[in-house]
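Dear colleague,

Please find below the structure that I am handing over to you, followed by an account of what was found in it.

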Amino acid sequence: RGGLEEVVGGEEEPADGFLGGDAPEEPFEAAWRGAAHLEEVAALAAGGIPVTLSRITAETQALGDLKAQRSAVTTAMMISLMISMAVCTVFYSFPSLLDLLFSDARCRKLFLIILPTMIATSVYAVIRSWFWGRQNYFVFSLSEAADEIIKVAVCALMIFLLADLVALEYSLAYAILISDFIAAGLLIFLFFKSGGRAGAPTMCAPILRSAAPLTVTRLCGSLMAVFVSLALPAVLTGAYGLTSAEATAEYGRASGMVMPLLLAPSSVVGSLSVVMIPEIASRNAGGDKNLSSAIRRSADFTCAVACAAFIAFASCGDQIGNLLYADEKVGSQLSFAAFIVLPLSLNSMAATSLNSLGRESRTFFSSAAGYLFLAAGILLLPRFMGIYGYYTAFFCYHCASLFCNVMQLKRVFPQGVGHGKYAALIAVSCAVALFVGAISSWTRGLGDLLSCLICLPVAALLYFVALRLTGYMPKPSLLIGYIRK
């Protein structure tokens with residue numbers, strides 16, 4: 001919930017074919033499909049409002065302007081609730097629209113049961129963003145954990161109480177509905193307990209102006225995910241004579257097995273992004289002269305994490321793929337696609353920095369430029385490279401977006417953020433990956449697990465030495481500070 005993906009640079013996962021299709025066979029699958037579609041609708045409805053509110057809250061907190069802060073919270077709440085209630089009204093007034101989303105009648109009924117959770121999600125996302133902007137990461141994180149715990153507890157209780165009265169999938173739907181409102185109520189209590197108050201809703205224009213580009217970016221990402229899921233199998237079928245099932249299997253292996261591993265390091269960078277937005281926004285509002293150094297330190301951390309992941313995937317990707325999926329194709333593709341981690345993580349950091357400075361429209365245009373490269377790459381590259389063209393297209397997308405975002409950052413900070421130093425670390429990381437990769441090929445005969453146990457410690461040691469030699473080793477106090485937050 002809350003729509004953080006567009007901030008941390010998370011990739012939109014390609015559509016998995018939930019529009020229509022075969023009727024679900026299991027109650028859990030039916031409930032999951034209904035909830036999944038509602039989550040998509042809710043995420044698009046909430047859009048960039050949580051991110052915008054967190055930034056404005058941090059800025060007003062730094063300036064001591066509680067009146068503007070309360071106005072921002074109230075305005076964001078009103079906008080989110082109006083959108084949610086409008087969506088609810090449309091689907092309850094015209095339930096036949098659900099025929100376009102679901103081929104199974106149970107899914108349509110489940111969707112209507114859990115539809116009011118959009119209202120609870122609006123309250124949840126806005127208040128949680130207020131805590132985010134005030135850098136209260138304890139409540140910000142605890143609320144997410146509490147939401148999951150409440151869901152599990154209510155689901156178990158509802159299944160037990162309604163086992164003989166209603167079907168299992170409907171018990172789950174009612175549990176989701178009740179638990180979401182409980183979580184929202186808990187956050188409302190914590191909001192007022194922490195000194196939060198409502199104000200006059202006078203900040204509609206600035207919130208919409210900032211949130212609109214993020215919302216459109218997220219929408220474009222969803223549309224591109226659908227495009228990729230349809231275009232890639234078609235291109236593979238036409239270029240290599242694969243059957244539809246074979247092409248779909250190749251796409252599923254790439255999007256469902258390899259890409260999640262490549263996106264794993266972004267979870268670390270994503271945690272950094274959560275910390276960066278209010279910190280940079282508050283410093284910017286306070287006129288901090290050392291703002292560029294804060295962004296540089298964040299870029300240092302991001303580049304260090306990305307290079308470490310690149311070395312591991314590039315040198316030991318074959319073994320990792322075999323250990324996790326018992327699939328040699330996954331391993332070879334993971335080794336090839338390891339280079340995506342570098343621009344992906346750095347682009348995430350650059351986009352977060354621009355969003356923190358209130359330049360959401362710039363990140364939208366950067367993403368749009370990247371999507372053009374992605375679309376062209378998906379249509380052309382797989383014809384010559386097979387499934388490897390899929391990874392190359394995503395590499396081009398992140399590189400194009402990163403280039404545009406860096407150019408925008410240079411306009412804000414003409415002195416730059418140390419690009420030469422990052423290039424040196426990436427070059428050294430490539431050398432380490434090649435050396436460890438040679439060791440990996442020599443030790444493959446010992447088994448995948450033993451090979452990883454030999455190669456990964458060697459890679460870690462060499463990478464540590466590389467960080468020391470390049471003068472890139474982050475200060476322990478900086479690392480501890482980020483980890484603590």
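Helices H11 and H12 are roughly antiparallel to each other, because an angle over 145 degrees counts as such. This is a predicted model, in which local features need pLDDT of at least 70 and side-chain atom pairs count only at pLDDT 80 or more, while totals for chains, interfaces and linings use all residues. Residues are numbered from 1 along each chain as its sequence is written, and side-chain values use heavy atoms, with hydrogens and water left out.

H11 covers residues 291-325 and H12 residues 328-337; helices are DSSP runs of H or I with at least four residues, numbered from the N terminus. The two pack at about 155°, with axes 7 Å apart; axes are lines fitted to C-alpha atoms over the stretch in contact, and angles run from 0 to 180 degrees between N-to-C directions.

Just after H10, glycine 287 has a positive phi of about 70°.

The whole structure holds 12 salt bridges, each a side-chain nitrogen of Lys or Arg within 4 Å of a carboxyl oxygen of Asp or Glu. One of them joins arginine 128 to glutamate 144, with the closest N and O atoms 3.5 Å apart. This pair links helix H6 to helix H7, across 16 residues.

Definitions and conventions: Angles under 35 degrees count as roughly parallel, over 145 as roughly antiparallel, 65 to 115 as roughly perpendicular and the rest as oblique.
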